[in-house]
Amino acid sequence: MPVDLQPHFPTHFITKSLKTTDLSVAKTISVNLEHSVQRVFTLLRTGMLDGEMITKLISEILPTTRRQLVKTLPDIPAKKHPLSKMIKQYIEFKEPEWTPKTKLEMGGVFRFLLELLGDVDVTDITRQAVLDLRANLMRLPPNLHKRYPDQTIQQLLDRSDIHHMSTKSVNKHVGGIGGLLRYCLDIGVVTVNCATGLKLSEKGRVDEERSSYDVDDLKSIVANLPRKPTLPERYWIPLIGCYSGMRLNEICQLYVEDVQLVEGVWCFSINGAKDKRLKNQASERVLPIHSKLIGLGFIEHWEKVKKAGAPRLWPNLTWTEVHGYSNSFGNWYQRFNREHVTKDPKKVFHSFRHLVTDTLKQAGVQDSLIAELVGHSHGNHAMTMSRYGKRYQPKVLLESLKLLDYGVEIRPWQSS
């Protein structure tokens, strides 16, 4: 019996004879039995049944010799605040401020919680229950429903040959139940948030979660960049990332009007207008276009797209609710990166941002300039800068970008 349903049953195990010595017959019977048992478990977890209905359901799957014991069980009151109900209520409360991607991720988190905890009453969730949940998460693989669709969580917990999910993923799940219980605390359903302070300490530093590209990586990238006139984004987007540090989605969602001449300097206007999305408030900025990109023919490409009347810089990229405009390109770049550049799982498109920030840092560029270039807040001075300091002029930012010289030869874009 699952732990959360044991109070309903007179025993922790059910043993039944299939009354056959034929293995093929036994397998057929066991499939039907499994279906019946899982149906009963699902109905019990709804928390909407009265004592009589619970007794009837349990009797369906107990052997005859055990059924009389069920009648002696006291009525178990229906749960007032089942986990499934509170999750639904919490999602409806948070949905207006969640991005589609966050909503999708949290849906996965809560699906996990229901599978591990069962549809318990949230008032019955103890700190030990959350500790046990965390311990189990640390033993499970990432993306288990995709990788192991035919195995139960218990089967995966019993395996010793699987790669476990990262500390960051474990903390995402613990944070999910923490947010849910905080909501339940705010509306008076529970008296304490049992998940407070239970996130694991991440061993690696934040700046080590992704590795920076090195010069050899850059040589492999530029040597293999496709130059198909029908797929210009596959040439330009990696180079823009390399010479700007912009986030992938910031580049993919650029409109033609976002390329501007500001105070005599060609710039990208990174903003949240129309269907574009920004990671945070500091992400909105005006970023000079590196002279290397201009020398390779980027402005000529922009003029061609503008003349054709296309509203966006990369017409081939389509919008999705979860990923914006970056989904198809991101999938292609992942394949390109693994085939032509590196097998290192820590080196991804985001590695361009690490390359830019590290190169500028080693060149002695002050932190506030780097922060404005890549769209970060100004650290401890963020409030002072936002209240009293104006943004850097494009010419000042351009002087810093000029220090991004990797010594790598790049063949110019040949459009047709």
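Me: How many salt bridges does the count come to?
Reply: The count comes to ten salt bridges. Keep in mind that this is a predicted model.

Me: Why would side chains pair like that at all?
Reply: Side chains of opposite charge can pair when their charged atoms come close.

Me: Ok, take Glu250. Which residue does Glu250 form a salt bridge with, and how far apart are the closest N and O atoms?
Reply: One partner of Glu250 is Arg247, with the closest N and O atoms 2.8 Å apart. Arg285 also meets Glu250 in a salt bridge, at 2.9 Å from N to O.

Me: Where do Arg285 and Glu250 lie?
Reply: Arg285 is in strand E3, residues 285–288, while Glu250 is in helix H12, residues 248–252. The pair therefore ties together parts that are 35 residues apart in sequence.

Me: Are those residues buried or exposed?
Reply: Glu250 and Arg247 are both buried. Arg285 is buried as well.

Me: Switching topic. How many helices and strands are there?
Reply: The protein has 19 helices and three strands.

Me: What about helix H11, why is it called largely enclosed?
Reply: H11 covers residues 233–242, and nine of its ten residues are buried, so the rest of the structure largely encloses it.

Me: Which residues of H11 are the buried ones?
Reply: They are Glu233, Tyr235, Trp236, Ile237, Pro238, Leu239, Ile240, Gly241 and Cys242.

Me: Now His173. Where is it found?
Reply: His173 is in helix H9, which runs over residues 167–186. With 7% relative accessibility, against a limit of under 20% for buried, His173 counts as buried.

Me: What does His173 touch?
Reply: Leaving out residues up to four places away in sequence, His173 touches Val109, Phe112, Leu113, Leu137 and Met165.

Me: Phe112 then, where is that?
Reply: Phe112 sits in helix H5, residues 100–117. Its relative accessibility is 7%, so Phe112 counts as buried.

Me: And which residues does Phe112 touch?
Reply: With residues up to four places away again not counted, Phe112 touches Leu137, Leu140, Leu144, Ile153, Met165 and His173. Phe112 and Leu137 are 25 residues apart along the chain, and their C-alpha atoms are separated by 9.2 Å.

Me: Next, H17 and H19. How do their axes cross?
Reply: The axes of H17 (residues 367–374) and H19 (residues 394–401) come within 11 Å and cross at roughly 100°. That makes H17 roughly perpendicular to H19.

Me: Which residues meet there?
Reply: Leu369, Glu372 and Leu373 of H17 meet Val396, Leu397, Ser400 and Leu401 of H19. By class, this contact has five nonpolar, one polar and one charged residues.

Me: Last thing, the protein as a whole. What share of the residues counts as buried?
Reply: Of the 416 residues, 42% count as buried. The protein exposes about 23,500 Å², and carbon and sulfur atoms supply 52% of that.

Me: And what share of contacts join residues at least 24 apart?
Reply: Among contacts between residues at least 6 apart in sequence, 68% join residues at least 24 apart.

Terms used:
Residues are numbered from 1 along each chain as its sequence is written. This is a predicted model: local features need pLDDT of at least 70, side-chain atom pairs count only at pLDDT 80 or more; totals for chains, interfaces and linings use all residues. Side-chain values use heavy atoms; hydrogens and water are left out. Helices (H or I, at least four residues) and strands (E, at least two) are DSSP runs, numbered from the N terminus. Buried means under 20% relative accessible area, exposed over 50%, partly exposed in between (1.4 Å probe, protein chains only). Contact means heavy atoms within 4.5 Å. A salt bridge is a side-chain nitrogen of Lys or Arg within 4 Å of a carboxyl oxygen of Asp or Glu. Accessible areas come from the Shrake-Rupley method with a 1.4 Å probe; for residues, only the protein chains shown count as cover. Axes are lines fitted to C-alpha atoms, for helices over the stretch in contact, and angles run from 0 to 180 degrees between N-to-C directions. Angles under 35 degrees count as roughly parallel, over 145 as roughly antiparallel, 65 to 115 as roughly perpendicular and the rest as oblique. Ala, Val, Leu, Ile, Met, Phe, Trp, Tyr, Cys and Pro count as nonpolar, Asp, Glu, Lys and Arg as charged, and the others, Gly among them, as polar.
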